[in-house]
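Here's a quick tour for anyone meeting this structure for the first time. Have a look at the sequence and the model, then read on.

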Amino acid sequence: MRKIIDISALFIERDVDKLTPETIDAMNTRSVASRRVVRKLLYKPSRLISKTTYVIPVNEGVVTGYFFNSLEDLTLTSLKPMIIYFHGGGWVFGNMDLYGMYCSHVAHLTGACVLLVDYRLAPKYKFPTAVEDCYDSYLWALQGIKYWKVDPDRVFLMGDSAGGTLCAGVSLLARDRKVMMPSGQILLYPCTDGRLRTESFAQYSDSPTLSEKQMQFYISSYQREPKDILSPLFSPLLASDLSRQPDTLVIGADYDPLKDDGRLYAEALNAAGSTANYLCVKGTVHGYALYPHATGTAQTDCMLRQFTSGRPCQKIQPLTETELKRDGRMKMQAAKERLHEKDSSASAADD
């Protein structure tokens, strides 16, 4: 975990006083492939996943979309799920090499095709550019459903950190603008309240991968004016109406200042009549999911596969694949024993 925390500094600068537009751009365009030691701690690109680059039209410009698809499914006629992925990085950072490796892994893990959206970043592009770019990319992706052989009933939004915030914003926009809703959304340790007032934020304000100083920098870089943080598209937890939202899986990290953001958002969704499940991964930190050897990654991978394969949101369990299989065998054995007891009781009654 110490090595992973050190390597994460290659993609996000913790000392925000050192940041300039040039250093931000250098981090966002840094090639992972040129660093052998780093590659050992990141996901390996799968040979069974193809990558296609698309230009996506958005308001007053274009963004790039990276589409990851399984080569194993090219000859099949069955429809597959699609995940539209919005990356994290505080609306400021977003290294496509790093996130490309992760999205390739997600495609291999879930059997879904994954569209990674390289939305326009702050401080050059202020709120609400990022969320509107993601919304436009969502609409564009819906137009490609037939071409990509995607099941329209299995279109998911997914994002980590600020990307989770963008997922929530896109879902709110889709409802309010009366377009097709996603089937579900997966929010990895999202920021849902830009006021930063939670108990976990105070408790873990100097965590190793996300600090109060960093969050303040991200928010000030993204907002046009202070009142922006009160917008539901910036702080989804402050939305006056959270009804009619897609089933939402929220995954938090134990030592994360944003831990309560995810929990409170899931509670608010459920209170509004939507369906959400908040699961906190123990013993890990903000940003862990991008690293295959990090504490909690195996459980998170299993939760993603459960959710995208159709398991009801409320029944998702924070287990590894091995633990989930063992749990399934134990439940099956218990069911057999109950059935046997019932048959024995019925036979005794007949006698």
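Is K227 buried or exposed? K227 is exposed, because its relative accessible area is 56%, and a residue counts as exposed when that value is over 50%. Keep in mind that this is a predicted model. With that said, here's the briefing, starting with the whole chain and then moving to single spots.

**The big picture**

- If you draw a box around the C-alpha atoms along the principal axes, you get roughly 85 × 50 × 45 Å.
- The fold is built with 11 helices and 8 strands.
- As for what's tucked away, 55% of the 351 residues count as buried.

**Salt bridges**

- Side chains of opposite charge can pair when their charged atoms come close.
- Searching the whole structure turns up 13 salt bridges.
- One of them links the side chains of R177 and E132, with 2.9 Å from N to O. R177 sits in the loop between α6 (162-176) and β6 (184-188), while E132 belongs to helix α5 (residues 129-143), so this pair ties together parts that are 45 residues apart in sequence.
- R177 counts as partly exposed, because its relative accessibility is 38%.
- Back to K227: its side chain meets that of E225 in a salt bridge, at 4.0 Å from N to O. E225 is partly exposed, with a relative accessibility of 39%, whereas K227 is exposed.
- R263 and E267 make another salt bridge, at 3.1 Å from N to O.

**A positive patch on the surface**

- K3, R39, K40 and K44 gather on the surface in a patch of positive charge.
- To find K44, look in the loop between α3 (36-39) and β1 (49-58).
- How does K44 count, buried or exposed? K44 counts as exposed, because its relative accessibility is 55% and the cut-off for exposed is over 50%.

- As background, most residues other than glycine have a negative phi, and most peptide bonds are trans.
- A122 and P123 are joined by a cis peptide bond, with omega at about 5°. You'll find P123 in the loop between β4 (113-118) and α5.
- A cis peptide bond also runs from F127 to P128, where omega is near 5°. P128 is likewise placed in the loop between β4 and α5.
- E60 isn't a glycine, yet its phi is positive, at about 60°. E60 lies in the loop between β1 and β2 (61-70), and it is exposed, with a relative accessible area of 74%.
- L196 has a positive phi too, near 55°, and is a residue other than glycine. Its place is the loop between β6 and α7 (199-203).
- Is L196 buried or exposed? L196 counts as buried, because its relative accessibility is 11%, and buried means under 20%.

**A buried histidine in a loop**

- H286 is located in the loop between β8 (276-285) and α10 (297-308).
- H286 is buried, since its relative accessible area is 7% and the cut-off for buried is under 20%.

Notes
Residues numbered from 1 in each chain as written. Predicted model: local features only at pLDDT ≥ 70, side-chain atom pairs only at ≥ 80, totals over all residues. Heavy atoms only, no water. Patch = residues over 30% accessible without salt bridge, like charges linked within 9 Å, V, L, I, M, F, W, Y side chains within 5 Å. Areas by Shrake-Rupley, 256 points an atom, 1.4 Å probe, with all protein chains shown as cover. Lys, Arg positive; Asp, Glu negative; His and termini not counted. Charge placed at Lys NZ, Arg CZ, Asp CG, Glu CD. Helix = DSSP H or I, 4+ residues; strand = E, 2+ residues; numbered from the N terminus. Buried < 20%, exposed > 50% of the residue type's maximum accessible area, 1.4 Å probe, protein only.
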